[in-house]
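Subject: Structure handover

Hello,

Here is the structure I said I would pass on. My notes on what was found follow below it.

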Amino acid sequence: MRLSRLSTLTATAVVTLSLMAAAPQPAVAMNKKEEQAVGTILGVLAAAALAGKIKKEREKHYLNRGDGYVEPAPGVICYDEDRACYRGGNYSPRWSHSVYGY
Amino acid sequence: MIRTTTLCLALFSATSALAQDAATPGHGQLVDSAVSTMVEETTGKMLSPEQLTILKSIAHQLAVTTVCPGFAVDEARRSEELMRLAPTGEGKPERTPEESAALQAVAVFAIGAHMGATMAVAINDEAAFCAHAEEERAEPGAHLIYAPKS
């Protein structure tokens with residue numbers, strides 16, 4: 001439960017931060033209904049953008065797996081383009097540093 | 001309140017759809033990679049590849065200390081890692097207060113985005129996520145900010 005709540009809050013923060021970074025401030029004041037409508041649209045757009053990016057990543061890693069990766073140890077795979085290593089599907093700070101040096 | 005709930009629902013509707021592919025190897029990796037791309041695009045050229053990697057590493061470990069029991073941050077190590085973001089001293093570039101503030105802002109954004117995504121992925125299999133973190137902590141190596149296991 002603790003994790004659920006924290007994840008919800010953090011996911012909210014991520015979306016909010018993304019929107020703060022991407023969306024311009026409204027030039028005119030909106031009423032509550034208008035705000036909700038804008039919030040809905042922005043939320044759906046943000047989710048759709050993230051889903052689109054994940055689809056692209058899937059294609060990059062699983063459909064077009066080229067020479068840009070190394071497997072420094074059993075169960076560890078590192079992608080040069082992302083400068084990131086994963087062990088058992090989880091990001092590995094240790095292996096990323098070990099392979100890419102920072 | 002309603003707006004916040006709507007945003008949460010929108011995000012989770014996306015992640016739920018993705019969760020249907022949970023059997024696909026590397027689901028968490030795909031999310032992680034997508035967020036990395038988003039952070040890189042959003043912050044433009046403000047952060048170098050090295051800085052992006054350092055921030056991602058810090059964020060991942062902060063997520064671990066939030067999700068996994070028995071993990072804590074070693075404050076001295078965290079400070080060392082943050083210092084690597086903006087090294088100072090002889091031969092290092094001088095930064096204006098405005099440049100430092102801008103760097104801090106994008107760093108907070110990057111850590112928040114990575115941390116949130118990591119926690120959202122962790123919820124799919126908390127035990128495996130924490131077991132992996134335990135492996136990482138147990139092996140000798142540099143640049144981890146975990147406090148030693150007590």
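Two strands count as paired if DSSP finds at least two bridges between them. Helices (H or I, at least four residues) and strands (E, at least two) are DSSP runs, numbered from the N terminus. This is a predicted model, in which local features need pLDDT of at least 70 and side-chain atom pairs count only at pLDDT 80 or more, while totals for chains, interfaces and linings use all residues. Residues are numbered from 1 along each chain as its sequence is written, and chains are lettered from A and ligands numbered from 1 in the order in which they are written.

Strands of chain A

β1(A) and β2(A) run antiparallel and are joined by three bridges. In this pair, V70(A) has C78(A) of β2(A) as its bridge partner, and A73(A) is opposite V76(A). Two residues lie between the strands of this hairpin, where G75(A) has a positive phi near 85 degrees.

β2(A) also pairs with β3(A), again in the antiparallel sense, over four bridges. Here V76(A) has R87(A) in β3(A) as its bridge partner. This second hairpin has four residues between its strands, and R83(A) is where a positive phi occurs. Most residues other than glycine have a negative phi. R83(A) is not a glycine, yet its phi is about 55 degrees. R83(A) sits in the loop between β2 and β3 of chain A. R83(A) counts as partly exposed because it has 18 C-beta neighbours inside 10 Å. (The cut-offs, with C-beta atoms placed from the backbone: buried means 20 or more other C-beta atoms within 10 Å of the residue's own, exposed means 12 or fewer, and partly exposed is in between.)

Helix α3 of chain A

This helix covers residues 93–100, and P93(A), R94(A), W95(A) and S96(A) in it are buried. The cover over the buried residues of α3(A) includes β1 (69–73), β2 (76–79), β3 (84–87) and β4 (90–91) of chain A, together with α3 (49–67) and α6 (126–138) of chain B. After α3(A) comes G101(A), with a positive phi near 85 degrees.

Chain B

The axes of α3(B) and α4(B) (residues 75–85) come within 9 Å and cross at roughly 160 degrees. Axes are lines fitted to C-alpha atoms, for helices over the stretch in contact, and angles run from 0 to 180 degrees between N-to-C directions. α3(B) and α4(B) are therefore roughly antiparallel to each other, a term for angles over 145 degrees. The contact involves Q51(B), I54(B) and I58(B) of α3(B) and E81(B), R84(B) and L85(B) of α4(B). Contact means that the C-beta atoms of two residues, placed from the backbone, lie within 7 Å.

M38(B) belongs to helix α2 (residues 27–43) of chain B. M38(B) is buried because 22 other C-beta atoms lie within 10 Å. Leaving aside neighbours within four places in sequence, M38(B) is in contact with K53(A) and A113(B). M38(B) and H114(B) are 76 residues apart in sequence and 10.0 Å apart in space, C-alpha to C-alpha.

Regards

Definitions and conventions:
Parallel < 35°, antiparallel > 145°, perpendicular 65-115°, else oblique.
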